[in-house]
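Subject: Structure handover

Hello,

Have a look at it first, then read my notes.

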Amino acid sequence: MDNQQGDIRRRGEVQQYLANERLNETVRGEDDPPEIDIDEIMNQPRQPHLLEKLSYWLVLITIVLSIVNYSGPYLVYLKMAYGFHSDDLIFEPQKGENVDGINGVPGSVKDLSDINSDSNVYAMDAGSDSVQQPVASQYCDDIVDGRKFDCHPENNPTLAKCHARGCCWKPVATREKPTSYPDPFTTQAPVDIPFCYYPRKYAGYQITHLENTKNGLQATLSRETKSYYPGDITTLRMDIMFEAKERLRMKIYDPSLHRFEVPLATPRVSSKPASVDYDVILPASGDPFGVVVKRKSTGTVLLNTTGAFMFADQFIQLSYYLPSSYIYGLGEHRDSLLHSVNWTRFTMWTRDRKPKEGDNLYGDHPFYLVMEEDGQSHGVFLLNSNAMDVVLQPAPALTWRTIGGVIDLYMFLGPTPEGVIQQYTDVIGRPFMPPYWSLGFHQCRWGYTTVQETLDVVDRMKAYGIPQDVQWNDIDYARDMLDFTTGIDTFGDQGAMVEDLHRRGLHYIMIVDPAISVNQTPGSYPPYDVGLQMDIFVKDSQGRPLKGQMWPGVTVWPDFSNPQTHSYWTAMVQQFHSTVKFDGMWIDMNEPVNFVNGATEGCPSQSSIENPPYVPAVRGGTLRSYTLCATAQQHWGLHYNVHSLYGLTETNATYSALKTVRGKRPFIISRSTFPGQGHYGGHWNGDNNSTFYDMYKSISAVLNMNLFGIPMVGSDICGFRGNATAELCRRWQQLGAFYPFARNHNNKFNRAQDPASFGDSVAASSRRALETRYSLLPCLYTLFHHSHVTGTTVARPLFFEFSEDKSTYNNDRQFLWGSSLLISPVLQQNHISVDGYFPKGVWYNLHTGQKLVSAGQTVTLDAPLDVINVHVRAGFILPTQQPALSTTKSRKNLVEVRVYLDSDGQASGDMFWDDGDSLDTYETGVYTFLRFTTKDGIFVSEPKKAGYPSMPPLGSVAVHGVPKQPITVTFNGSPHQFVYNHQMLYVENLAGDLLTKLTLTWK
């Protein structure tokens, strides 16, 4: 064996794995094994029979020969079964031994052969398609509730149905048999302890061939038994690809027939990396399918398949154990930041649905991040766009259950949470670089029915001195709600209005829905006429443009998966932009929404595409509910496969159109999203309610989208539905000032809620919060630069920076900007204080400079109605500017650097600067990048890149945490006046050229 060819284990390690195995079963060692009293059994170890000993040595010789002949650079643990009794079918190790492996229940191995059960359990025989006689009860009875994997996820399981599937049946006494409540149209039972669950050794796929490839391993999977879903694919190919040191990819597919695969431009890797951070464990050829992935540095099992792996034409299921219960992501859903593994289901199928727990919402993001018990982190991404359920259960374990496509699973080894997101966005695409003006405040409302109403709110904001950069219009501007039109007679001269906004230094965005009206006079409405001529609309099952209903009446939908549609969309954007010089686009209703289910003429009622054998728990109970027929045809394939990609493909087309038409950075906010969305645009979190609860839930929504690679995200400030109170809007304006995307928006059926509409007090507190935001925009812009280049988050959970502190794992009431700024908003009515958790270290109040030294504790902070608490982490340097009424003006102000020293008197930071609107400035080198450092009483600003000459001068430096008043201060070697107060050194009137190296020294 060649030690230089990778991480092949020695014979003794393989022998140790064998000595810790059950027959055909994987068991993950844990500190909390199944709660079964087996002391008496385990204290009586039996001696192996002679036949067992002979079997053992035969197997060991086979494995050693396999290892010697194995030439690949990565280890595949060959899993062989041995040592079984006809009476118990369980190998019995010594008491206390823990087991790692492939196909079983995690925990300490126990002999349960003498535990009786009156359950009538059936299993499929490996050589037969029929249901066999009952097998020994231990295949069911030793499976504790949290480790039961559902064999009948559909509604109304019965004993007969369960036994027909070869599964265990055991009703749970504490609850009634599952029914669909409260939605009678849901095809799923509520997720809970299943009555019908898989036995151990459930007959399924076996590995029939295994070989090395140039970038990993390839296996053939075969099954002789039938599953309980039609269209079994009995032979599968599994590719294990070692794509990068921290990235592993596992793809399972039908080698004989092409199935739909999401055409996302992921990295193509042709060779293995020199080393990897993971071990992959597979069974030997001829053994049951299973995969174990371990973190090499710690031995932590990250993925450990269990339950029943199934792959039928319209039902694919993969279950595995997780290393901990700390799991995040799986969007888009309303939930806590940290998900519960107590029988929780997340359904993915994009849909227009106001945020509500348990419902599938606007986006589809089959990605999760797990914090391991030792503080390391990993992530998993299933590249699949079909409707799916993802189920979490207390083991902890996860089940992917999708109705099409393939298994294309990526694992990201981190080991930091931030590293996981960087590795994830390396696959799905780095976030776009936003224009600087988009970081300002946005004002919108469905209900600005005229040009004058729209400009009135701009004037009102200015009168109160409230910063604003972007004015929006909802669908009110459009003639008869038609895309790319202006209601001149009703709304007014939209083009002139936009020119007025531009003269004020503001920008303009309007809504565009994807549905195109078919009811206009032929030749009078180019969006329909041209689209029909170019043949770019989504087709029904008969190949005709599918017709449904949206705001303008009967409509059709552009097929954005068709490259020709990009040309069509660009032409429509160009035509409208020639009269209305808008600066960005808001694309809505792109799940896509259809006010009739499927089509005006209905969908094929007998089609298995419309009525698949398994329907995930989608709102409405059918795939066509509130959207297009699943049988609709698009360029990429059936809508059944590409439905959840509609928003992403529209964003892509819109990005291309804006780039062509404006020649500047596109800015797009989309409601529907899919992995890769952040590469082209941002997202707002939908039609929330004007409640304190919705304000609280917005934090998790914003943080989740940052996990999904969409850092440009925010919720409707003050809420979209309902009448916001003055107190709610005041507090929400404070929180919203720290959303990466800050927009106030609401429904026309409710009162106006722009920050100037409530009078002096709300206007004053909103102005203060937004001025804080505007002063920090150089810092925020730099965070977006790092996100664009390296894939880091902008708004992030506390545990991203303090992964060793488990008190941060469930904190969804505070969040960070980058590594340094901690935001602690008031989220409850009638509160003038807030409890904030401060991880261990030194923190400075952003507003007062007051130092807070924390041992890792919760602190009650004063929070008057006009204050939001923001703290800066010691050891960081922030670039700031004086705020103004718009970024057009604030960008011209002097740079003011704030230094926050740590206990060693050190700090660091950086600043990215360019013209804020041109395309590809980083890629073409037309930017300036500054590095700030402070150590031993010396502050240094040094340009690492000076490619953009229009850099405002350095005006002042404020250093917090200086323990004693300096005697002298020099700037670039010359003495300079200073102010010292409460451990803060302040030096102004510097007029320093930031394109050169600058040095400030105090002694």
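Here are the notes on a sheet, a helix pair and an aromatic pair.

This is a predicted model: local features need pLDDT of at least 70, side-chain atom pairs need 80 or more, and totals for chains, interfaces and linings use all residues. Residues are numbered from 1 along each chain, and side-chain values use heavy atoms, without hydrogens or water.

The sheet: 3 strands form an open, antiparallel sheet in the order 23-25-24. (Strands are DSSP runs of E, at least two residues; helices are runs of H or I, at least four; both are numbered from the N terminus. Strands pair if DSSP finds at least two bridges between them.) Strand 23 (516–517) and strand 24 (548–550) are at the edges with a single partner strand each, so one side of each has no neighbour in the sheet. Strand 23 is joined to strand 25 (residues 553–556) by 2 bridges. Ser517 has Thr555 as its bridge partner.

The helices: the axes of helix 7 (residues 451–463) and helix 8 (residues 494–503) come within 10 Å and cross at roughly 15°. (Axes are lines fitted to C-alpha atoms over the stretch in contact; angles run from 0 to 180 degrees between N-to-C directions.) The two helices are therefore roughly parallel (angles under 35 degrees). Contact (heavy atoms within 4.5 Å) involves Val451, Thr454, Leu455 and Val458 of helix 7 and Gln494, Met497, Asp500 and Leu501 of helix 8.

The rings: there are 53 aromatic pairs (Phe, Tyr or six-membered Trp rings with centres within 6.5 Å). One of them, Tyr229 with Tyr614, is edge-to-face, at 6.4 Å and 85° (planes over 60 degrees apart). These two tyrosines are 385 residues apart.

Best wishes

Key: Parallel < 35°, antiparallel > 145°, perpendicular 65-115°, else oblique. Phe/Tyr/Trp six-rings, centres within 6.5 Å; stacked < 30°, edge-to-face > 60°.
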